[in-house]
Every structure is written in C-alpha cells, then in structure tokens.
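Colleague: I'd like to learn how to read helix packing, sheets and salt bridges in a model. Could you take me through them one at a time?

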Amino acid sequence: MRTVEGDISPAALGPTDSHDHFFFVSPLQPGDEMSDVERAVIEARTLSQAGVRTVVDWTPLGLGRSPEGLVQVAQASGLQVVGATGVHRHDHYGPGDPLREVPVEALARRFVADLTAPVAPSGVIKVGASYHRLQPLERTAFAAAAQAHQETGVPVCVHTEHGTMGLGIVEHLSALGVGPTAVVLAHLDRNPDAGEHAETAATGAWLQLDGPGRTKYWPDSTVLQLLSDLAGRGFSAQLLLGGDTGRSSMMRSYGGGPGMDYLFARFKPRLERELGTELSRAIFVDNPARAFSFQSAAGLRSEGPEAR
C-alpha cells in the first residue's frame, strides 16, 4: 500500500477515510476552490483528533492535485495520506485542456510515473464516468488506467455520476483487464438502490458511499439504511465510507461546513449506535486495508520507497 511518504503494510492503515480531498480546483466549481496548504493542515488535524489514521485523497491530474502539498499535510498532521493520479470525468476539463489530447499510451505512462515516483508517489488511480455513459476522454482514461493497473497492480477508483453505471463500469474495466476486486466505485449512495448495488457487489467490486453530512440532498438516515440493506445482503466486507469534502464551502477552515471530520466525529458514532461496532470496524479499518492494497507486488517493488 502506497502513501505519499512511502509504502506501508495494509495492517498499518488503521481507521480510514476512504475518499476525500485536501485540494481541488475545477471549472465546474467556481468559487469553491481548495488550494491552500495551511487550511488543508487545519482540516487534517481535525481528522486526526477524530480518530482517523489514513485518508485516501482522490484528486486527479489537472484539478489542483498537489503531491507535495499532501506530503506537507501528512507531516503536519501525523496522518497517512494516499494520493491519486488519474483523470476525472469529461466535464471537469475545459475545451482547451491539454489532457483532452493525450493518447492512451502516453497517459498510461504518466500514471505509472506518478505511481512509482521517488518523491510523493500516488497510491491509487482516479477515473470518472459521466451520467449513464462514458465520453471519449473517459474511455481514454479508463484504458490508460487499465494499462497502469496491469503493470503495477494499483487500485482503480471510479467516480460514478449520481451512482449510475456501477455494473457497467465494472464490466468495462474487466474487459480492459482490471479485475472487479481492484475497482472502487464512489458515490453509490446518490442512487440508494440496494438491489442494484448488490448486483454490482456480486462481481467482487468495492462499494464506496460518501453522502454523510449532505443534508440538503439526503439525510444521513438514507446512507445508514443503504449500508444496513447492503450488509444484510451479505456485502459488509465490500463497503467503504468517505467524506468527499471536495469544496471549500464544506471546509470549516474556509468558513464552510460540516468539515472534513464530520464522517468520523458525527456519522461514525451514529453508525455504531444503530448498526453496530462490528460493521463499523469492517467499513473503516478492515475493508480499506484490502481495497487500497496493490494486487501485484510488482507495483510495490518497482521504483517506490521501502515499505514501513
């Protein structure tokens, strides 16, 4: 498992926020940029105080990604931070963005270079899908991610737009050579249909939810019910939770809320009261330790730092 400060054993991961952002800048979110290291450190310290040991930062190329900033956050907060390479969904990149013109092979080389960098290496690949479809940029990114996965064994983390296309994404990546157990699907609670997600989970893919605290869209009870339904269908060992506070208006250090610590400080205690500590440990500790591990030792031995 690869953090921005080096490789660690999965057992060292500890309580994990499986999807978040310390930095994020996108033309889709004008006025909601997050690019300040000091403010990221403030949020990171609240996570540490809430009991978080590791954060998986999903910010990909071209959207404010800062590997060096993540190292500063990790060192100042004591958190273990897993960074990302990759390319988000089509709409996050303007018409003239150079990433739109990069061919599959070159993009795969960039991903591998980021994953094996001697300083501040990435530990996951992030790609994104549009609403019920894959656009050309997304197909290129998926193909490049598959090539990088085959070379390194890295997990592939996927943005699903409104929780759609979960099974289709897993099937598409499988056809490209990425097995379902290496695929993490985000935002599935935006389509709180346990039956549909169970069909996807039957492939072995990871189901990641990140809706706690988004009360204007749905209450936390919706997320809890979906977790309960999926666990009841036998998929508790494939569930992950993230804060996904990808806007400055969600960060207290920028004057917003509920803050990055909401998932652990507020939602986790309620999950344990209503659904039990065993499910909580699976979601926050046991499952991330498997989901974010490289599936091939080649990725851990290539050019990266020594495991600790």
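Predicted model: local features only at pLDDT ≥ 70, side-chain atom pairs only at ≥ 80, totals over all residues.

Colleague: How do α3 and α4 lie to each other, and why is that word used?

Modeller: Angles run from 0 to 180 degrees between N-to-C directions, with axes fitted to C-alpha atoms, for helices over the stretch in contact. Under 35 degrees is roughly parallel, over 145 roughly antiparallel, 65 to 115 roughly perpendicular, and the rest oblique. Helix α3 (residues 104–115) packs on helix α4 (residues 136–152) at about 45°, with axes 8 Å apart, and α3 and α4 are therefore oblique to each other. Helices here are DSSP runs of H or I with at least four residues, strands are E runs of at least two, and both are numbered from the N terminus.

Colleague: Which residues in α3 and α4 meet?

Modeller: Contact means heavy atoms within 4.5 Å. From α3 the list includes Leu107, Phe111 and Leu115, and from α4 it includes Ala141, Ala144 and Ala148. The contact of α3 with α4 divides into 11 nonpolar, 3 polar and 3 charged residues. Nonpolar covers Ala, Val, Leu, Ile, Met, Phe, Trp, Tyr, Cys and Pro; charged covers Asp, Glu, Lys and Arg; the others, Gly among them, are polar.

Colleague: At what angle do α7 and α8 pack?

Modeller: Helix α7 (residues 220–232) and helix α8 (residues 262–275) pack at about 50°, their axes 11 Å apart. That makes α7 oblique to α8. Among the residues making this contact are Leu224 and Leu227 of α7 and Phe267 and Leu271 of α8.

Colleague: And sheets: what is the strand order in the open sheet of 3 strands?

Modeller: Strands of a sheet pair through backbone hydrogen bonds, either parallel or antiparallel. Here the order is β3-β4-β5, with parallel pairing; two strands pair if DSSP finds at least two bridges between them. The edge strands, β3 (16–20) and β5 (80–82), each pair on one side only. Between β3 and β4 (residues 54–57) there are 3 bridges, and Asp17 stands opposite Val55 in β4.

Colleague: Lastly, how many salt bridges does a search of the whole structure find?

Modeller: It finds 14, counting a side-chain nitrogen of Lys or Arg within 4 Å of a carboxyl oxygen of Asp or Glu. One of them joins Asp244 to Arg190, with the closest N and O atoms 3.3 Å apart. This pair links distant parts of the chain, 54 residues apart.

Definitions and conventions:
Residues numbered from 1 in each chain as written. Heavy atoms only, no water.
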